[in-house]
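Subject: Structure handover

Hello,

Here is the structure for you to look over. My notes on it follow below.

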Amino acid sequence: MSQSVSNHESRTSLADYRTALTTRAARRPAVASVLARLPIAMIGISALLYVQRETGSFAAAGLVSAGSLVGVSVGAVVQGRLIDRFGPTRPLLVVALLSALAMTALVTAIESHAPTAVLVAFGAATGLAEPMVGSASRALWSRLLPPGGARNAAFSYEAISMEVFFILGPGVAGLLVLAPWAGTGLVLGVALQITGAVLFALSPAVRAWGPSEGSQGSLLGALASPGMRTLALAALGFGVVIGFVEVAVPASATEAGSPSLGGLLLSAWSLSSVAFGVAYSLRPWPRQLGLRLPVLLGGFGALVALLAWPSSLWGLALMMLLAGALITPQSTAHSAAIELVAPAGTAAEAFGWVLTAVTLGLAAGQSVSGYVVEHAGPGAAFLAASVAGLLLAAAVWLLRSTVRPAPAPARALVNA
């Protein structure tokens, strides 16, 4: 598909959403995917709160959370490549079993007050074994729907639904940590995730998905495409900016004497993200993906600078709503770019690289933001987030010409 055709078909309508979500073959995996992804933002926070409550140490809890993020970063790419090579059913069923074992080991270690190093290792194992249903679900739409509005609506739905889960997850985790047993949220979240992964893997449309053509082409896999590397850089920048804000916003709330409002403020930009995400998918701009990636990231960075301006939490909330408008459009653009730049047969792995890039960006942004907040205050952290976003957007802009259709796998050229 040429880039011009891809750009022309990037616009969607409300009818496209209806077509995508009522496709008969998609119904069972779509419902199972919701079940598997619903607790995705709840598990990490539940584990962090659980560890802190049992150990009395935020430092230990933070290390376990970081270990889990590292595990997710590695697991996203490994599972994506396995899904491309063998189809989703067998990898997801194996990972679901490993997830149950890793969660059991982590809970046992927490309850037995094991050393922090052990908790971190099991936290990493839990992240590594998190079933990557999101990667498989996103790739499945390319098999069920032809290129065009309905498929793009499906990708937009994936991004929007994830934002909804990130709105609900922290609140549910906060409530469940008050249960008689502090590990309730962790166990419930992992149980939902495993159940959804198994149901997804065993649905007819997923079981019919065999090895992808071209999935064994290059050792680099999806990253063999220069455009895929540019996309990963854009995703990294997206994660870096969010990571800065996720530390600076709670710090602002604490500085204002209302630490409990930190989570609510972070939910504010998810709300505008969902609302604007639907509107943006109906008329995306810029039309060319090579331009869209740096423009959206640069715009996001510029809007985040406004968070340093308000002197009250009400003002910060309003600026969060404004900045949040460009979150879902970026996620949707990342999915659309995968269609264009990922080598044949690497769709699930490509999505895994995007997830890994975002996760590493989050970790980097959070770590630097914590230092900036401590030494210069939340306002400086917001400005640093803006500068980081704009610099990475400039790098993506310089590489925009690489965002084009990936070359055919070498063996396909030999057979031609």
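Start with Glu 339. Its relative accessible area is 33%, so Glu 339 is partly exposed (buried means under 20% relative accessible area, exposed over 50%, partly exposed in between, with a 1.4 Å probe and protein chains only).

Before the rest, the ground rules. This is a predicted model, in which local features need pLDDT of at least 70 and side-chain atom pairs count only at pLDDT 80 or more, while totals for chains, interfaces and linings use all residues. Residues are numbered from 1 along each chain as its sequence is written, and side-chain values use heavy atoms, with hydrogens and water left out.

Salt bridges

The count is 4 salt bridges (a side-chain nitrogen of Lys or Arg within 4 Å of a carboxyl oxygen of Asp or Glu). Arg 151 bridges to Glu 339, with the closest N and O atoms 2.4 Å apart. Arg 151 sits in helix 9 and Glu 339 in helix 16, so this pair ties together parts 188 residues apart in sequence. (Helices are DSSP runs of H or I, at least four residues, numbered from the N terminus.) Arg 138 also forms a salt bridge with Glu 339, at 3.5 Å from N to O. Arg 138 belongs to helix 8 (residues 133–144) and Glu 339 to helix 16 (residues 327–341), so here the parts tied together are 201 residues apart in sequence. Shared partners join Arg 138, Arg 151 and Glu 339 into one network. Both arginines are buried: Arg 138 has 0% relative accessibility, and Arg 151 has 10%.

Arg 37 and Glu 158 make another salt bridge, 3.4 Å from N to O. Arg 37 is buried at 4%, and Glu 158 is buried at 6%.

Aromatic pairs

There are 4 aromatic pairs (ring centres of Phe, Tyr or the six-membered ring of Trp within 6.5 Å; planes under 30 degrees apart are stacked, over 60 edge-to-face, the rest tilted). Tyr 50 and Trp 181 have ring centres 5.7 Å apart and planes at 80 degrees, so they are edge-to-face. Tyr 50 lies in helix 4 (residues 40–55), and Trp 181 in the loop between helix 9 and helix 10 (184–201), so the pair ties together parts 131 residues apart in sequence. Tyr 50 is buried at 0%, whereas Trp 181 is partly exposed at 33%.

Trp 269 and Phe 300 form a tilted pair, 5.7 Å centre to centre with 35 degrees between the planes. Trp 269 is in helix 13 and Phe 300 in helix 14 (residues 289–305), 31 residues apart. Both are buried. Ring pairs link Phe 238, Trp 269 and Phe 300 into a cluster.

Ser 272

Ser 272 is in helix 13 (residues 262–282). At 13% relative accessibility, Ser 272 is buried. Its side chain reaches the backbone oxygen of Trp 269 at 3.2 Å. Beyond neighbours within four places in sequence, Ser 272 is in contact (heavy atoms within 4.5 Å) with Gly 277, Met 320, Leu 321, Gly 324 and Ala 325.

Best wishes

Definitions and conventions
Helices (H or I, at least four residues) and strands (E, at least two) are DSSP runs, numbered from the N terminus. A polar contact is a pair of N or O atoms within 3.5 Å; within protein, one must be able to donate a hydrogen and the other to accept it, and residues adjacent in sequence count only if both atoms are side-chain atoms.
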